Amino acid sequence: MRRSPDRSRGLAAAAGQRSRVGRIGILVVFLVALVVVWEGLKFIGGDPWRYFGWEWHPPVKIWFASDLDLPHVWQIVGAMGGPWRRSADQSLFVYLVFKALYTWREAAIGFLAGGVLGVGLATIFIHSRILERAFVPYVVASQTVPIIALAPMIVFFFGNNVMSVVIIATYLTFFPVTIAMIRGLRSPDPRALELMRSYAASRRTILWKLRLPASLPYLFTALKITATASIVGAIIGEGPGAIQDGLGWSIISFNQQYITDPSKLWGAIFVSALLGITFYLVVRIVELRVLRGRPQATAG
Amino acid sequence: MTAQTVVSLSGVEKTFELPGGSSMTAVSGIDMEIRKGEFVSLIGPSGCGKSTLLRLIGDLTQPSAGSVTINGKPAHQARLDRDYGMVFQAPVLFDWRTVEENVRLPLELMGQGRESREARVREMLELVELTDFARHHPYQLSGGMQQRVAIARALTFSPSILLMDEPFGALDEMTRERMNSEVLRIWEQTGITVIFVTHSIPEAVFLSSRVVVMSARPGRVARVLEIDLPRPRGVETRESRGYFEKVTQVREALRGGEGRADEGIGSVERAEAEGLIG
Amino acid sequence: MSRGTDLLRRYLPTIVVFVGTIAIWEAVIRGLHVRAFILPAPSSIVGALFANWTTAYQIFPAAQNTLLEAGGGLVGGALLGLAVAFLVARFATARDIVLPVAVAVNAIPIVAFAPIANNWFGVLSPYSKMAIAGALVFFPIMINVLRGLTQVDASALELMRSYAAGDVAVLSKLRVPNALPFFLTGLKIGTTLSLIGAVVGEYFGGLNVALGRVVVESASTLAFEVTWAAILVASATGIAMYLLVAALERVLIPWHPSVRGERVA
């Protein structure tokens, strides 16, 4: 009837120990469900299905379920296997993966640069009240600026090359990291700080031995968000710069070919999704290693 | 006038399953009877299961064996009938409600009408002497005041039994002594039956008509001491000879049980700390 | 010492930085005759702002449209996030499935969906931008509300149980008020995200009278003063939305430590 606290605690502990196998299982279930819903929508309200002489006319009309707007899952898969362009050798999938790796490289550089910059800025800010008071409101306010709006200009300034994209990714990363690190570096219990001072520890020692370790959970929370943000920044930056080697360009050009072959755009989206999730997982795995042994917060 | 039994425990035992397969018995073989209007304290070393016992009485957890009868009903029914109020160590007030809204909570849950609710809340706030703070938020009150709000809330629907689990444990000594007198005043004014869990021997002796001393591992009733100090009790009581003797008696009863409790007090403590029990 | 002087003293360094930056910027551009390529002088940006307020690039109507898209996305994403959070909080098994999936989905660059949204709703339609904005807003709201509904003090739950309170009462009297501060935090995050979503959506196409389009078009014709002016307006809009929610917080949850003014950091 009523869950007593002793039982649910035990279950929670077991869930935390649930291995990666369980997680993958859930993901598989989700993917299957997604495909079912996708095709189900088309079954109910899409364009007529015609295969091997069998015909099916969906009873209603769902406005986004047409074959143009929502290609069949197997059409997308088929397009992924086929050449990415007429008379090309590479399959769409492989082509996109290479593009994704290129984009990822830009994003990763920006991500690391932004992370370092954010940690550095935060360190300066917590040691100088004046600087903090002067600049933090701008740091905060800038989060409300759609930094994305600066993208075209950055590209024009630094040229149609990787540099501009990296700058955009860096910019998108360093604000959340700065804010998170300010909070994290300040997070140690004041009593722990007093303890360090009673050992006549220098500010630098306190920083390395107390503040930085304490700030790591905050850092990783920010990094998980900025992992995605840096990829978004890279994709957006590639657009105006017409950087043909990246995913952003593929999205734009496949979008232009939408009328003739929508599946390619969906393929690009799928690969972008894969990229985002993979990067996120990488950061998560690093987080689990670095923060091993600490009481974890929530999943993800 | 025969005092009737309001709380009756018979052969009560509580065993917890720990993650990992083993089990741990928090209390075992508890037989107890509490009469109407009594003030009974449960005291014992860490891990003796006194909090578990209180929660068994309050139907916040169920016995693995034995029965708990409240006012002639099974504990579960008594809880549904709202026969008792509880006060925990933390006041557990809702931050977003004012003092009077917090005290009003049980009445809202019972579906009482607005006028009768307001009258009752005013009455309760007068009882704990917090009328002037009705519109304040909990964060504006001191720890002692927050506990008084918690007590007012516990008494709002006139329960016949008040269960208190180390309610003053987080307060400083002087506030604690003041709160002790408060509780006694309320007890005398309302005639309610009080079951009080505490770590503090002086507190148990000062407040109670009977002190139940428990031993640990598994939790059992070691001794029951009648505290026949005269009432009303006040500052003079704390300085009286009889008081000092009773405190010594309780301490010795505790020490008698401590010999056994020294062995592996660990697992019950740990289980309590993990929130599995207690 | 009035509150006004206190406030001034606190923000003095900020103001100094602002004024100083503007002054140096203006001086450098003018004084050194730097080609006003990427970095026009502040004065010319302000000039471009006024010149294009309702004519030419029409920054003001553009801001209104973008705000509408962002607002629509914010409301839509918030409603959806609330609904899913309540459902997931209610069905504990759903949580184990939905949560890791939602986290993974959130890692997808939503910007990749912008072309699809444009195709579904029509490039010129504001709904395509609202959809992207809403998609960005959904996750922070959902995860925050979920946290607020489920991370309830265990003793408070026990208290309610001791009153034999039913699930509905626990929800309405405990979980929901507990979740309110969390929701507002999510909403604050959502304001900036919704604006970004709207602007990014506009990058991929849309009516000309939208801030994202103004940025793209003015940049492609190298009229960077206009670009900066549009960005200025966009950030002002974002800040305004954020401050609106902050004001809402002061009204709705005055008792919360973060609103009471206690130093949190």
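Two strands are taken to pair if DSSP finds at least two bridges between them, and helices (H or I, at least four residues) and strands (E, at least two) are themselves DSSP runs, numbered from the N terminus. The structure described here is a predicted model, in which local features need pLDDT of at least 70, side-chain atom pairs count only at pLDDT 80 or more, and totals for chains, interfaces and linings use all residues. Residues are numbered from 1 along each chain as its sequence is written, while chains are lettered from A and ligands numbered from 1 in the order in which they are written.

The model scores ipTM 0.75 and pTM 0.78. Within chain C, helix H3 (residues 59-90) has the highest confidence, at a mean of 92, and helix H11 (residues 257-260) the lowest, at 71.

Chain B contains an open sheet of six strands in the order E6-E7-E8-E3-E9-E10, with mixed pairing. Strand E6 (84-87) and strand E10 (220-226) of chain B each have a single partner strand and stand at the edges, so one side of each lacks a neighbour in the sheet. From one strand to the next, the twist averages 20°; axes are lines fitted to C-alpha atoms, for helices over the stretch in contact, and angles run from 0 to 180 degrees between N-to-C directions. Helix H5 (residues 143-155) of chain B packs on this sheet and touches E6 and E7 of chain B, with a direction at about 165° to that of E6(B). Contact here means that the C-beta atoms of two residues, placed from the backbone, lie within 7 Å. Helix H1 (residues 50-57) of chain B lies across E3, E7, E8 and strand E9 (210-215) of chain B, and runs at about 155° to E8(B).

Strand E8 (residues 193-198) of chain B is mostly covered, with six of its six residues buried. A residue is buried if 20 or more other C-beta atoms lie within 10 Å of its own, exposed if 12 or fewer, and partly exposed in between, with C-beta atoms placed from the backbone. In a regular strand the side chains alternate between the two faces of the sheet. In E8(B), Thr193(B), Ile195(B) and Val197(B) lie on one side and Val194(B), Phe196(B) and Thr198(B) on the other, and both faces are covered. E8(B) pairs in the parallel sense with strand E3 (residues 39-43) of chain B over five bridges, and Val40(B) stands opposite Ile195(B). Strand E7 (residues 161-165) of chain B also pairs with E8(B) in the parallel sense, over five bridges; here Met164(B) is opposite Phe196(B). E7(B), helix H6 (residues 173-190) of chain B and E8(B) form a right-handed β-α-β unit, right-handed meaning that, with the strands pointing away from the viewer, the path from the first strand over the helix to the second runs clockwise.

A further open sheet in chain B has four strands in the order E2-E1-E4-E5, with antiparallel pairing. Strand E2 (23-35) and strand E5 (73-74) of chain B are the edge strands, each pairing on one side only. Strand E1 (residues 5-17) and strand E4 (residues 65-70) of chain B run antiparallel and are joined by five bridges. Ser8(B) has Thr69(B) in E4(B) as its bridge partner.

Chain A has eleven helices and two strands, which run α-α-β-β-α-α-α-α-α-α-α-α-α from the N terminus on. Of the 300 residues in chain A, 38% are buried. Contacts in chain A between residues at least 6 apart in sequence join residues at least 24 apart in 70% of cases.

The contact between chains A and C takes 44 residues from chain A and 40 residues from chain C. On the side of chain A that touches chain C, H11(A) supplies the largest share, seven residues. By class, this side of chain A has 31 nonpolar, eight polar and five charged residues; Ala, Val, Leu, Ile, Met, Phe, Trp, Tyr, Cys and Pro count as nonpolar, Asp, Glu, Lys and Arg as charged, and the others, Gly among them, as polar.

Between chains C and B, 15 residues of chain C are in contact with 17 residues of chain B. Helix H7 (154-162) and helix H8 (167-203) of chain C are the elements that give two or more residues to the side of chain C that touches chain B. H7(C) gives the most, with six residues.

Technical notes. pLDDT = per-residue confidence, 0-100.
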